[in-house]
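Trainee: Could you walk me through some loop and sheet features, one at a time?
Mentor: Gladly; let us look at the structure together.

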Amino acid sequence: MKAHIFLLLSLWSFSVFAQELKTVVQRGHLGDVTKIISYKKGKYVFTAGQDYSVKLWDTHLKKEVKTYSGHDYAVLAMAISPNDSILATGGKDDKVICWNIFTGESLFTFEKHRKRITSLAFSLDGKLIASGGYDLSLIHISEPTRLGM
């Protein structure tokens, strides 16, 4: 029987003038969080998890906004396009999935790695994605028409 572990996500709120620290605990992923990245200058954060999902959190409202599901194993890497509209994710399933951040729709999936993906980055113009991982390869994904860039 599998035991499910609930992630406790702590969202920290700082006030420089009042010098106070507030912690808000959120339940989200059903396992370890593997990556966190900031979005829209900290108004949101993305979390990736061992539960095969990515979640978008509103740091001001202190709640989960959206879940992106499509990976078959843990998500280990994330990157956001320069125009803030595309989220790329990669992980132990050897796949890169590009998502429309606003709708949660999967735009395309790239499956050329032979082992887990641990790094992702967009080019400055958003037309290339570089992915790297345990297969010792660096792959450039060029999908400007699919990405709408």
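**Reading contacts, strands and charges**

Mentor: Let us start with a contact: a polar side-chain atom of Thr59 lies 2.6 Å from the backbone oxygen of Gly42. A polar contact is a pair of N or O atoms within 3.5 Å; within protein, one must be able to donate a hydrogen and the other to accept it, and residues adjacent in sequence count only if both atoms are side-chain atoms. Before going on, note that this is a predicted model, in which local features need pLDDT of at least 70 and side-chain atom pairs count only at pLDDT 80 or more, while totals for chains, interfaces and linings use all residues. Residues are numbered from 1 along each chain as its sequence is written, and side-chain values use heavy atoms, with hydrogens and water left out.

Trainee: Where does Thr59 lie, and is Thr59 buried or exposed?

Mentor: First the terms: buried means under 20% relative accessible area, exposed over 50%, and partly exposed in between, with a 1.4 Å probe and protein chains only. Strands are DSSP runs of E with at least two residues, numbered from the N terminus. Thr59 sits in the loop between β5 and β6, and Thr59 counts as buried because its relative accessible area is 17%.

Trainee: In what order do the strands of the open sheet come?

Mentor: Two strands pair if DSSP finds at least two bridges between them. Here 4 strands make up an open sheet, ordered β3-β4-β5-β6, with antiparallel pairing. β3 (33-39) and β6 (63-69) are the edge strands, each pairing on one side only. On average, neighbouring strands of this sheet are turned by 20 degrees against each other, direction ignored; the axes behind that angle are lines fitted to C-alpha atoms, and angles run from 0 to 180 degrees between N-to-C directions.

Trainee: How many bridges join β3 to β4?

Mentor: There are 6 bridges between β3 and β4 (residues 44-49), and the two strands run antiparallel.

Trainee: How many salt bridges does the structure hold?

Mentor: Side chains of opposite charge can pair when their charged atoms come close. The criterion is a side-chain nitrogen of Lys or Arg within 4 Å of a carboxyl oxygen of Asp or Glu. The structure holds 5 salt bridges. In one of them Lys40 meets Asp84, with the closest N and O atoms 3.9 Å apart. Asp84 is in the loop between β7 (75-80) and β8 (86-91) and Lys40 in the loop between β3 and β4, so this pair ties together parts 44 residues apart in sequence. Both are partly exposed: Lys40 at 40% and Asp84 at 25%.

Trainee: What does Lys43 meet in a salt bridge?

Mentor: Its partner is Asp58, at 3.4 Å from N to O. Asp58 lies in strand β5 and Lys43 in the loop between β3 and β4, so parts 15 residues apart in sequence are tied together. Asp58 is buried at 4%, whereas Lys43 is partly exposed at 32%.
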